Amino acid sequence: MVMHIVDRRLNPGSKSLENRQRFLRRAKALVQGAVKKSSQDRDIKDVLEGGEVTIPLDGMDEPRFRREGGTRDMVLPGNKKFVEGDWLQRPNQSGAKGSGAGEGDSEDAFRFVLSRDEFVDLFLDDLELPDLAKRKLAETESEGIQRAGYATSGSPANISISRTVSRALARRVALRRPRKDDIEALEAELAECDDDARRRELLALLETLKAKAKRIPFIDPIDIRYRRFETVPKPVAQAVMFCLMDVSGSMSEHMKDLAKRFYMLLYVFLKRRYKHVEIVFIRHTDRAEEVDEDTFFHGPASGGTLVSSALVAMNDIVRTRFRPADWNIYAAQASDGDNMTSDSALTGHLLTDKILPVCQFFAYLEVGEAANYTFDMPDSSLWTLYERLRNEGAPLSMRKVSERGEIFPVFQDLFKRRSKQERV
């Protein structure tokens with residue numbers, strides 16, 4: 001039997017439930033946009049902090065139905081300034097209801113403070129790491145609870161029934177407590193006995209057994225055992241994030257800004273999944289060096305382009321400081337695609353034999369100038385090399401970007417949520 005239930009009750013305030021849900025979705029989208037905008041001027045590690053965000057009031061009004069009542073005739077009082085046929089100037093719609101500074105009611109943008117967790121949840125909504133394989137746990141930074149044997153005192157909720165019963169049984173056997181079956185057998189024999197001497201003997205034996213059974217309880221307080229727990233250090237997983245970037249003369253400030261935004265997204269995402277995350281900045285021209293974040297993005301550099309130098313530096317750092325058995329290794333490389341032709345073979349060898357086998361995830365981001373960059377342009381030498389390696393089965397992700405607005409969609413495409421069957 002099929003039952004159809006129609007709920008005709010009014011929503012609170014005579015508001016439409018569907019419109020309310022649509023409004024909530026629109027409000028959440030505004031907040032997410034404000035969160036992404038506020039993160040643009042932060043450093044990579046500072047992006048995890050919460051803070052104040054601002055959203056416009058234009059889209060915050062909740063829609064509702066109003067009854068107009070058809071055509072109405074209204075009589076309004078006249079004045080000496082306007083006569084019939086005059087045109088009235090439309091009021092200023094710049095966002096303030098008053099006619100001047102300090103006059104009327106103004107409508108400011110809506111400001112509120114997000115906590116760190118709220119900020120990160122909105123920043124990374126609907127995303128998932130592509131390969132969350134947990135390697136060796138290290139960097140003990142939290143505490144957990146584990147079983148630590150048994151105790152003679154504790155909470156009733158922690159009583160170990162099996163251990164208590166086994167100890168009670170052992171005690172009864174050791175003290176030779178009379179069994180119930182033996183007492184019942186004596187009582188049955190006494191009921192059938194006709195010899196007075198034998199009856200007196202059975203009565204004496206029965207009273208002795210019953211008295212001994214009362215002195216030796218079935219379960220004694222000394223038998224009770226409680227499960228004991230103790231606080232122990234709880235290991236957490238750790239990850240390292242390698243940021244590789246070409247800083248030769250062909251890389252403009254716009255391209256570096258695109259790379260920074262991608263690195264920022266990757267760091268926040270890793271920090272959400274791992275307790276401890278290290279960042280290693282490696283910049284390169286025709287030689288590579290490990291630097292701090294400020295030098296990585298703003299330090300001057302000159303020279304040609306050898307991508308292999310950055311991969312060699314990363315491989316050396318992994319061998320000396322970040323053992324793959326102890327660390328989850330992620331790498332993101334940003335470049336405009338330039339590389340010496342003679343360096344392609346060495347770059348491909350290092351990537352496939354040294355870098356990719358120890359990485360959980362490797363992403364290549366090719367950046368370009370928004371003014372003259374089109375996707376129908378010929379592929380760069382580095383893009384051609386990486387695409388060939390990927391077609392041969394190398395586990396690396398590649399995307400091209402030329403505008404700031406493309407960074408998050410590209411990141412979302414790389415880290416889009418996968419089904420449970422595909423997750424590691």
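# Close-up views of a predicted protein model

View A. The model is predicted: local features need pLDDT of at least 70 and side-chain atom pairs count only at pLDDT 80 or more, whereas totals for chains, interfaces and linings use all residues. Residues are numbered from 1 along each chain as its sequence is written, and side-chain values use heavy atoms, with hydrogens and water left out. Glu290 is likewise partly exposed, at 40% relative accessibility. The side chains of Arg321 and Glu290 form a salt bridge, 2.9 Å from N to O. Because Arg321 belongs to helix H8 and Glu290 to strand S7, the pair ties together parts that are 31 residues apart in sequence. A salt bridge here is a side-chain nitrogen of Lys or Arg within 4 Å of a carboxyl oxygen of Asp or Glu. Helices (H or I, at least four residues) and strands (E, at least two) are DSSP runs, numbered from the N terminus.

**View B. The protein chain as a whole.** The chain contains 11 helices and 10 strands. Of its 424 residues, 38% are buried. Contacts (heavy atoms within 4.5 Å) between residues at least 6 apart in sequence join residues at least 24 apart in 81% of cases. The chain exposes about 26800 Å², of which carbon and sulfur atoms supply 51%; accessible areas come from the Shrake-Rupley method with a 1.4 Å probe, and for residues only the protein chains shown count as cover.

**View C. An open sheet of six strands.** The strands of this mixed sheet run in the order S7-S6-S5-S8-S9-S10. Strand S7 (288-291) and strand S10 (397-401) are at the edges; each has a single partner strand, so one side of each has no neighbour in the sheet. From one strand to the next, the twist averages 20°. Strand S5 (residues 238-246) runs parallel to strand S6 (residues 276-284), and nine bridges join them; strands pair if DSSP finds at least two bridges between them. Val240 has Glu278 of S6 as its bridge partner.

**View D. Helices packed on the sheet.** Helix H8 (residues 307-321) touches S5, S6, S7 and strand S8 (328-335), and its direction makes about 145° with that of S6. Helix H10 (residues 381-391) also packs on the sheet, in contact with S8, strand S9 (361-367) and S10; its direction makes about 150° with that of S10. For these angles, axes are lines fitted to C-alpha atoms, for helices over the stretch in contact, and values run from 0 to 180 degrees between N-to-C directions.

**View E. Further salt bridges.** The model holds 13 salt bridges. One of them joins the side chains of Arg261 and Asp257, at 2.8 Å from N to O. Both residues lie in helix H6 (residues 253-273), four residues apart, about one turn of the helix. Arg261 is buried, with a relative accessible area of 11%, and Asp257 is buried at 17%. Another salt bridge joins Arg228 and Glu230, at 3.9 Å from N to O. Here Arg228 is partly exposed at 37%, and Glu230 is partly exposed at 32%. Glu189, Arg198 and Glu201 are linked in a network of salt bridges.

**View F. Aromatic pairs.** The model has 10 aromatic pairs. The ring centres of Phe281 and Phe296 are 5.1 Å apart and the planes stand at 50°, so this pair is tilted. Phe281 is in strand S6 and Phe296 in helix H7 (residues 293-298), so the pair links distant parts of the chain, 15 residues apart. Phe281 is buried at 6% relative accessibility, and Phe296 is buried at 1%. Tyr364 and Trp383 form a tilted pair, with 6.2 Å from centre to centre and 45° between the planes. Since Tyr364 is in strand S9 and Trp383 in helix H10, this pair ties together parts that are 19 residues apart in sequence. Both Tyr364 and Trp383 are buried. Ring pairs also link Tyr263, Phe281, Phe296 and Phe297 into a cluster. Rings of Phe, Tyr and Trp (its six-membered ring) pair if their centres lie within 6.5 Å; planes under 30 degrees apart count as stacked, over 60 as edge-to-face and the rest as tilted.

Terms used
Buried means under 20% relative accessible area, exposed over 50%, partly exposed in between (1.4 Å probe, protein chains only).
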